[in-house]
Amino acid sequence: MTNEQLSLFSQEDSQDFFDRKRSWSASKHRLLLKFLQSFCYVLGGGKYPSKNLNYVDGFAGKGKYEKGIGITNFTDQSSFWKRYNANFCDTDGSPLIALKCAKIFKEEGRVELKCHFSEANKKSFSELENNCKSFQDYVPYQLYGPGDFGNFLPKIINGLDGNPTLFFLDTFGVKGVSFDQVKMVNNYLRKHKGEVFLLFHNISVARHAGQSTAAAKNPRTQKAVETYTKNLTDLLGINSEPVWKAKWHELQGQPQEFEKWALSFFKRRVLEETSIGGVTSFEIKESYYDVRPKYSIIVCSNKPDKSFGELLNDFVFRERHSLFFRESYSGLEKFLEGEWQKEINQNAAYIKPYVLDCIQKSNWSTVEETITNTILKVGELGLLDRSHYRKIILGLYDEGFLQARNLGRNGQPTGKTCIKIVS
């Protein structure tokens with residue numbers, strides 16, 4: 001791990017986003033790389049494999065960066081990616097990562113992953129076309145643009161041919177994806193399997209709420225107020241305006257609390273109105289001591305047990321762990337063990353009541369089932385990994401709160417041990 005990767009956000013700025021990949025973008029790209037591999041292996045194997053899959057990148061950009069970080073270190077440390085001559089580069093953006101994965105999976109005869117890229121900016125779209133050309137003889141892909149993702153969405157969905165799909169909607173702000181478009185995506189996934197990753201800009205949501213309720217002093221500011229109001233209402237859904245305005249008024253002076261409410265409101269509404277299997281999220285922070293996230297990533301899945309509980313949770317936990325490395329005075333990386341352990345203890349205390357509640361509401365569930373159910377109930381990924389959830393359960397057993405059957409050889413619960421609250 002290099003020092004450039006120690007924070008999910010870089011302190012520097014650039015007029016052109018694609019001049020240099022920030023460390024927070026590298027984090028998202030590692031997530032995409034990890035999940036694409038699992039997505040294709042799970043759906044491309046098993047008893048009823050799907051040989052044709054889709055990847056949709058709604059805000060593809062240029063496809064690559066001038067300077068980059070965060071990918072080669074990750075792939076070089078992976079026994080899986082070492083098997084392939086994929087030639088991943090630190091400068092790869094999400095489109096090139098997806099195309100390189102698609103080429104690998106096609107060559108090994110596992111699945112055909114068709115990539116769909118949408119980009120609004122005319123210059124970026126032209127560069128995206130050029131950056132994808134080297135793959136046109138190897139893997140299928142489709143470009144949509146230049147133009148807004150929402151305008152292309154019906155055509156994109158029609159081109160998915162009813163196959164399982166991973167949507168990666170890396171928007172740049174509140175205006176980008178509307179609630180109705182999220183519903184359209186999730187209704188497709190509900191029928192045909194898949195996941196969607198959506199960037200939720202916490203701070204921008206609060207800023208829009210504040211600007212939209214500000215007093216208009218002239219026609220120009222009135223127009224701005226109307227624009228902010230429309231953008232936030234489009235994101236949170238039809239008829240949401242009086243609800244979020246009332247909540248903003250209630251939480252006046254507490255923008256961070258409004259951000260949390262808006263995120264929860266959005267996730268709950270998506271779950272209720274689309275019948276998708278599950279909705280969760282995780283925070284992206286600049287550094288470990290930040291109490292306010294820069295943004296959250298919302299994940300919707302048809303199979304939340306597998307996607308959230310078994311795959312994403314532990315990956316997000318490892319990304320959080322990387323924030324606790326800091327450069328020492330000697331120029332070497334130092335791990336902040338004390339701060340990390342403090343966060344683990346705080347999160348464990350927060351999660352323990354959820355564990356008890358899940359056990360109480362089930363009848364002889366296994367330890368592994370309990371862990372997955374608790375992760376889903378908490379609703380935020382990566383606070384602890386599965387091993388720490390297991391420690392909480394073992395502690396409850398040692399304290400006499402739990403009955404257990406099918407113990408391991410050492411007389412302790414294993415993943416397959418069935419547990420329940422002592423009557």
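**Domains, strands and local geometry of the predicted model**

At 55% relative accessibility, N406 counts as exposed, since exposed denotes over 50% relative accessible area, buried under 20% and partly exposed the range in between, with a 1.4 Å probe and protein chains only. The structure is a predicted model, in which local features need pLDDT of at least 70 and side-chain atom pairs count only at pLDDT 80 or more, while totals for chains, interfaces and linings use all residues. Residues are numbered from 1 along each chain as its sequence is written, and side-chain values use heavy atoms, with hydrogens and water left out.

N406 has a positive phi of about 65° although it is not a glycine. Its place is in the loop between strand 11 and strand 12; helices (H or I, at least four residues) and strands (E, at least two) are DSSP runs, numbered from the N terminus. A positive phi, of about 60°, is also found at D161, again not a glycine. D161 belongs to the loop between helix 5 and strand 4 (165–169), and at 58% relative accessibility D161 counts as exposed. Most residues other than glycine have a negative phi, and most peptide bonds are trans. A cis peptide bond joins G145 and P146, with omega about -10°. P146 is placed in the loop between strand 3 and helix 5 (149–158).

The chain is divided into domain 1 (23–326) and domain 2 (331–421), with bounds that come from an automatic or database domain assignment. Taken over C-alpha atoms, the centres of domain 1 and domain 2 are separated by 29 Å. In the contacts between the domains, 21 residues of domain 1 meet 23 residues of domain 2, where contact means heavy atoms within 4.5 Å.

Strand 2 (residues 112–118) is mostly covered, with five of its seven residues buried. Strand 1 (residues 52–57) runs parallel to strand 2 and is joined to it by six bridges; two strands pair if DSSP finds at least two bridges between them. Within this pairing, V56 stands opposite H116 in strand 2. Four bridges join strand 2 to strand 3 (residues 141–144), and these strands also run parallel. Here F117 stands opposite L143 in strand 3. Strand 2, helix 4 (residues 122–132) and strand 3 make a right-handed β-α-β unit. A crossover is right-handed if, with the strands pointing away from the viewer, the path from the first strand over the helix to the second runs clockwise.

An open sheet of three strands has the order 10-12-11 and antiparallel pairing. Its edge strands are strand 10 (365–366) and strand 11 (402–405), each of which pairs on one side only. Two bridges join strand 10 to strand 12 (residues 418–421), and the two run antiparallel. The bridge partner of S365 in strand 12 is I419. G415 is found in the loop between strand 11 and strand 12 and, at 19% relative accessibility, counts as buried. When residues up to four places away in sequence are not counted, G415 touches T366, V367 and E368. The C-alpha atoms of G415 and V42 are separated by 22 Å, and the two residues are 373 residues apart along the chain.

A search of the whole structure finds 15 aromatic pairs. Rings of Phe, Tyr and Trp (its six-membered ring) pair if their centres lie within 6.5 Å; planes under 30 degrees apart count as stacked, over 60 as edge-to-face and the rest as tilted. F258 and W261 form a tilted aromatic pair, at 5.6 Å centre to centre with 35° between the planes. Both residues lie in helix 10 (residues 255–274), three residues apart, about one turn of the helix. F258 counts as buried because its relative accessibility is 0%, and W261 counts as buried at 16% relative accessibility. W248, F258, W261 and F265 form one aromatic cluster.

Charged side chains also lie over aromatic rings. K103 lies over the face of Y138, at 5.0 Å from the ring centre. The charged end of R269 sits over the ring of F179, 4.9 Å from its centre. A charge sits over a ring if NZ of Lys or CZ of Arg is within 6 Å of the ring centre and within 35 degrees of the ring normal.
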